[in-house]
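This report considers the charged side chains of a protein and their place in the fold. The sequence and structure are shown first.

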Amino acid sequence: MQLLDRFEQRIDQLVNGAFARAFKAEVQPVEIAAALQRELDDHAVALGSDQDVVPNVYTVDLSSRDFERLMAFEAPLCTELANVVTEYAEQQRCRLIGSALVRFTEDPSLGTGVFRVRTEARGDRDVEEQRRGPHLTVNGFIHPLTRHTTRLGRGTDVDIRIDDAGVSRHHAEIVLSMPVLLRDLGSTNGTWVGGERITEMELTDDTEITIGPAVIEFHVR
């Protein structure tokens, strides 16, 4: 089975076919995977041996619409895309500079369905630094907090979606200020921290937040 076919199957299993339903006119994950392979081929550098060296950090610039949709699946999707880079490098007998890392960024100048891939070669220490930063762990998935305001809820227009009837469409938000703030957005069932219903509070490292059935952990890095 081809690498891209296996990638599509894994993604479909992870998100229960959500991409097939939601990504008809927008960027398809398999298109990004194919672009990563092309970038790897284009940036391979021979170092005088029978093995080429290739970049290991791939930044995917997306339109605002595609960014919002893809960010709902960011953690599993970026992990699987990094796996594609690693597996393809092995197939091509290429050596990655460090561990593969794929990340998404928003570029409002891009039209829906248009994306751009940028590559870098970084050692594992630099890659680990880029993985760090404020983030939430939701149902085992890590969601980096890259925006000033990150909304959580059941609606399709939030940044992190929790699909449960006990969660309001726009339930709560995280604001990257000094200090970082958690705000309830007038939710029906409330936002809870330490067994207490909160309206707004400062977040510290390892704070545990409960929204509906979801237990969410906030980490500084």
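## The R118–D61 pair

In this predicted model, R118 and D61 form a salt bridge whose closest N and O atoms are 2.8 Å apart. The pair links distant parts of the chain, with R118 in strand β6 (residues 115-120) and D61 in strand β3 (residues 57-62), 57 residues apart. D61 is buried because its relative accessibility is 3%, under the 20% limit. R118 counts as partly exposed, at 40%.

Both residues belong to a network of salt bridges that links D61, D107, R116 and R118.

## Other salt bridges

The count of salt bridges comes to 12. One of them joins E87 to R6, with the closest N and O atoms 3.2 Å apart. Here E87 lies in helix α5 (residues 74-91) and R6 in helix α1 (residues 3-15), 81 residues apart. E87 is partly exposed, with a relative accessible area of 22%, and R6 is partly exposed at 27%.

E173 and R183 also form a salt bridge, at 3.4 Å between the closest N and O atoms. E173 lies in strand β11 (residues 172-175) and R183 in strand β12 (residues 181-184), so the pair ties together parts 10 residues apart in sequence. E173 is buried at 8%, whereas R183 is partly exposed at 28%.

## Surface and overall fold

D205, D206, E208 and E217 form a negative surface patch.

The protein has six helices and 17 strands. Of its 221 residues, 44% are buried. The protein exposes about 11500 Å², of which carbon and sulfur atoms supply 46%.

Technical notes. Residues are numbered from 1 along each chain as its sequence is written. This is a predicted model: local features need pLDDT of at least 70, side-chain atom pairs count only at pLDDT 80 or more; totals for chains, interfaces and linings use all residues. Side-chain values use heavy atoms; hydrogens and water are left out. Patches are made of residues with over 30% relative accessible area and no salt bridge: like charges are joined within 9 Å, nonpolar side chains (Val, Leu, Ile, Met, Phe, Trp, Tyr) within 5 Å. Accessible areas come from the Shrake-Rupley method with a 1.4 Å probe; for residues, only the protein chains shown count as cover. A salt bridge is a side-chain nitrogen of Lys or Arg within 4 Å of a carboxyl oxygen of Asp or Glu. Lys and Arg count as positive and Asp and Glu as negative; His and the chain ends are not counted. The place of a charge is taken as NZ of Lys, CZ of Arg, CG of Asp or CD of Glu. Helices (H or I, at least four residues) and strands (E, at least two) are DSSP runs, numbered from the N terminus. Buried means under 20% relative accessible area, exposed over 50%, partly exposed in between (1.4 Å probe, protein chains only).
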